Amino acid sequence: MRFGGKLPLVSAAVMMWAAGAPALAGETVLYQPAPGWVEVASLPEGRSTTPLQIWDEQHRIEDGRLWSYAEQAVRIDSPQMLSAAGTLQASWLPDKGDLIIHRVAIMRGGEEIDVVAGGATFDVLRREMQLEQRSLDGARTATLAVPGLRVGDVLRLAFSITKADQTLDGEVQQISPLPAKPMEAAFGRLRMSWPENAPVRWQVSDGVTAPEAKTQGGFVTVELALPLAEPAPMPEDAPVRYRMPRLMQAGTFADWAEVSRIMAPLYATDGVLDSNQALTAQVAAIREGHAGELERAVAALRLVQDEIAYLANGMNGGNYMPQAPGETWTARYGDCKAKTVLLLTLLRGLGIEAEPVLVSSQAGDGLPGMLPLPGAFDHVIVRATVAGTDYWLDGTSSGASLAVVEEVPAFHHALPLRDEGADLIAMAQRPQTSFDQQGRVTFDHRAGLDLPVLVEGEWKVLGAAAGAFRMIDAQATEEQRKEFAQGFVSNVLGEAAVVDSAITVDSAANAATLCATALMTSPWRWERGRGSRSVDLPTSGFEFRPDRARSAWRDIPVVLPGPYWQQTQMTVLLPESGSAAYRLDGKDSFTQEIAGMRLARQATLDGSTLIVTDSAGWPGGELAPAAATEARGQASRFGSTTLTLRAPDGVERRFAFAGKADRTRVAPIEAAYAKLIADDPDEVEGYRNRARFRQMTYDFAGAKEDLTRVIDQEPDADTLLWRSRLHADLGEMELALADAEQAYELNGDMAAVDQRATLMRYMGQVEEAIALIHDYGGTSEEQRNFAAMLSDLDAQAGRKQEGLDRLDALLDERPDDPALLNARCWYQAIWDFNTQDLTDICTRALESADWSPPVLDSRGFANFRLGRLPEALKDLNAALAASPEMDGSLFMRGVVRREMGDTGGQADIAAALARVPSLKRYYALYGIEVD
């Protein structure tokens with residue numbers, strides 16, 4: 001493994017076409033036969049189902065060197081595979097050995113075409129392949145575009161890597177992943193060998209049957225057939241040691257202590273400060289500016305984190321050899337090794353006990369089960385001890401401060417590097433003393449529960465997250481700052497448009513704060529006319545239900561999320577509700593610890609203001625099976641943490657703005673939209689969003705103005721149809737038709753045809769509307785959707801029976817279709833036609849549609865036609881109670897009430913027309929006239 005990045009465990013053998021292959025070695029590509037100890041595989045006879053004919057990996061450990069041989073043979077089954085596999089590529093490090101090509105051959109019809117003998121050679125690229133990932137390792141990359149390759153050929157590549165790592169004192173290591181099904185290969189093998197007197201230890205992962213070690217000719221050989229059987233499934237919350245990729249490991253290290261002893265000298269700091277005045281000055285400045293060992297340790301860590309850029313440097317033995325501290329300070333960049341040795345130099349100069357420790361970001365809790373090899377690790381940090389407490393200091397992280405220095409990174413185990421050697425030590429988690437994130441958020445719903453909501457938020461972050469804020473604050477452009485704020489707020493709150501934002505950094509505390517104002521779609525949801533919203537908090541959705549139902553899983557511990565601790569203080573401002581009261585459903589107050597997770601909430605609903613303080617702390621680590629079972633029962637008894645805010649019946653909604661000139665209550669929302677538009681006036685989505693808001697608050701003229709801006713800049717069919725409907729609501733029929741026709745020209749789809757036909761019927765062009773629909777044709781589903789309109793147009797033209805026959809023909813195909821039953825009920829009612837079975841068909845439709853509000857509306861109209869006014873009123877009231885937004889039901893309720901002599905009916909009619917002025921024109925088609 002190389003340090004300086006957090007890399008996965010991989011094989012040292014590079015297989016063919018691996019663009020991101022492990023580093024190899026050698027300045028020049030060599031072309032030689034395979035060594036005698038290699039058993040060259042034969043191509044399988046016959047045609048296998050898999051294109052991968054050979055997957056062969058062989059390693060020999062001898063005389064302090066690892067020789068890795070690899071071969072693949074791939075059948076080129078398609079033009080796509082020809083393109084993908086036709087270029088071979090491998091990378092290596094020149095200071096550790098050689099890349100040796102043994103064979104590049106095309107197998108075609110029993111003939112072997114030697115590509116290298118034909119004059120083709122690998123080109124060597126000298127650019128850094130991973131520079132964009134801040135990784136500089138001196139790798140060379142060899143590539144070959146295979147000439148003459150065809151579909152149907154088998155392409156064979158065999159090559160070797162020799163590797164002797166100058167930092168390992170003659171010791172050798174190898175970690176090989178073991179491919180498993182569903183990966184397929186006609187022939188697959190992993191083979192390792194070494195002299196029988198060599199002190200080589202080897203093992204395969206748990207669950208893999210260990211091959212028999214055979215000794216012949218003075219060498220021990222172990223061999224595994226590949227791919228292995230597909231591994232048994234594991235729960236996702238199992239510790240890493242249960243879910244690790246299956247590996248074969250081999251090495252000459254006796255134990256972890258030997259690994260520790262060999263690596264320790266690389267991190268020696270004796271004499272560094274004596275010869276480097278710049279670093280000596282930094283030590284003096286820290287000592288002078290900070291009191292106490294812990295404060296000084298944090299100051300040194302901040303210096304390394306903030307002043308040294310990250311760059312993984314693997315050149316000249318750099319896989320394990322750190323850059324000198326003075327060089328790191330001068331260059332102002334370095335990888336984890338360089339940052340660690342620099343931090344050690346500073347800490348030791350301050351008289352603070354400190355040592356380097358190797359850790360693994362991948363193996364984690366599985367580390368003790370691995371062979372003692374340096375390759376088991378991918379990272380190095382510092383363990384400092386102050387007043388008997390261990391502090392784990394990572395120079396490649398950011399955000400160091402006294403508030404977070406006690407936090408333990410989730411590496412699980414560490415190997416101290418000491419001259420006398422050391423064994424693995426546990427990195428036990430401990431409760432956090434500071435929140436990683438604290439938020440204060442106010443949702444202002446006072447304009448209306450079903451309107452966009454203004455949100456004021458302030459979030460304070462510590463640790464590594466604060467480091468990202470500091471970088472943005474120091475280096476980002478204004479546009480980048482806005483994008484960062486937008487991303488952060490959307491991640492915390494969900495989809496939101498940030499109106500204003502500001503980032504402030506507390507350099508002393510190494511903390512950052514983001515303040516933002518955002519505009520969001522209302523989170524309130526309405527069901528049967530009743531409003532509710534969930535209150536999303538850190539504890540929301542808490543559950544502890546590890547799946548250990550399978551007998552094979554019952555003894556597997558449970559991994560706990562974290563470590564992370566978050567708190568949110570939320571205020572929800574609500575519209576006044578008169579004598580009716582809002583209410584909270586769910587747990588409003590608790591302090592609980594379950595499975596090590598700390599949960600706390602305090603909620604108070606006072607009239608129209610909800611205030612909640614909620615926090616959740618996730619401890620990290622794992623829980624033993626017995627403790628997990630007990631915690632699961634405790635979580636079950638504790639129950640749900642869901643908190644729901646419910647509005648009283650009859651709470652005022654957006655309908656209150658219909659026909660009203662006073663828009664004072666929505667002025668702050670208007671101002672937010674105006675700011676968003678002003679910040680990016682060329683972005684039409686801002687105008688669209690404001691148009692939606694204005695239309696939903698019945699500012700039709702304002703919405704039309706915004707849509708006109710959109711159409712002027714980026715005309716599209718949907719926006720033209722939208723403006724067409726607004727024109728129609730405002731009685732501007734010619735303008736409405738012009739927009740619909742333009743939309744049809746841009747995108748002659750069903751929506752444009754529907755809008756044109758609707759407008760034409762109001763303008764007396766009934767036959768033309770029918771012809772338009774017939775000319776469109778459309779899919780069978782679109783034709784069914786047009787059936788109701790065609791029936792209406794037939795009736796309007798005086799052909800009521802033909803219209804009914806059209807619906808009946810569809811019902812013959814789908815006799816119990818709720819939508820068709822409702823369409824027939826509605827048709828007979830509005831046209832007052834064939835009413836003898838009207839009650840039966842409408843009731844059938846209602847029962848089929850589970851008493852849905854639109855069908856209640858249809859039956860209400862039917863009862864009106866039949867003169868059953870009380871029954872009509874009952875149906876319309878029920879429809880409106882479930883769906884207050886049904887403007888047609890409100891209109892017809894007014895008509896029914898008026899017919900019954902109720903003076904309040906006129907108010908219903910006026911309210912409906914204020915919402916949708918075109919309702920007057922629509923119902924007039926059916927003989928319902930209002931003043």
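Helices and strands are here DSSP runs, of at least four and at least two residues respectively, numbered from the N terminus. In this predicted model, P227 is placed in the loop between β15 (219–225) and α2 (240–243). The peptide bond that joins L226 to P227 is cis, with omega about -5°. A cis bond also leads from K181 to P182, where omega is near 20°; P182 belongs to the loop between β11 (173–177) and β12 (187–195).

Most peptide bonds are trans, and most residues other than glycine have a negative phi. A387, although not a glycine, has a positive phi of about 50°. This alanine lies in the loop between β21 (379–386) and β22 (389–393), and A387 is classed as exposed because its relative accessibility is 79%, where exposed means over 50%. N510 is likewise not a glycine and has a positive phi, of about 55°. The loop between β27 (497–506) and β28 (511–520) contains N510, which counts as buried because its relative accessibility is 0%, where buried means under 20%.

Aromatic pairs number 18. In one of them, W459 and F488, the ring centres are 5.8 Å apart and the planes meet at 70°, so the pair is edge-to-face, the class for angles over 60 degrees. The pair links distant parts of the chain, 29 residues apart, with W459 in strand β26 (residues 453–461) and F488 in helix α9 (residues 478–493). Both W459 and F488 are buried. One aromatic cluster is formed by W826, W831, F861, F864, F891, Y922, Y923 and Y926.

Charged side chains also lie over aromatic faces: R598 over W565, at 4.1 Å from the ring centre, and R921 over Y762, at 5.0 Å from the ring centre.

Definitions and conventions
Residues numbered from 1 in each chain as written. Predicted model: local features only at pLDDT ≥ 70, side-chain atom pairs only at ≥ 80, totals over all residues. Heavy atoms only, no water. Phe/Tyr/Trp six-rings, centres within 6.5 Å; stacked < 30°, edge-to-face > 60°. Buried < 20%, exposed > 50% of the residue type's maximum accessible area, 1.4 Å probe, protein only. Lys NZ or Arg CZ within 6 Å of the ring centre and 35° of its normal.
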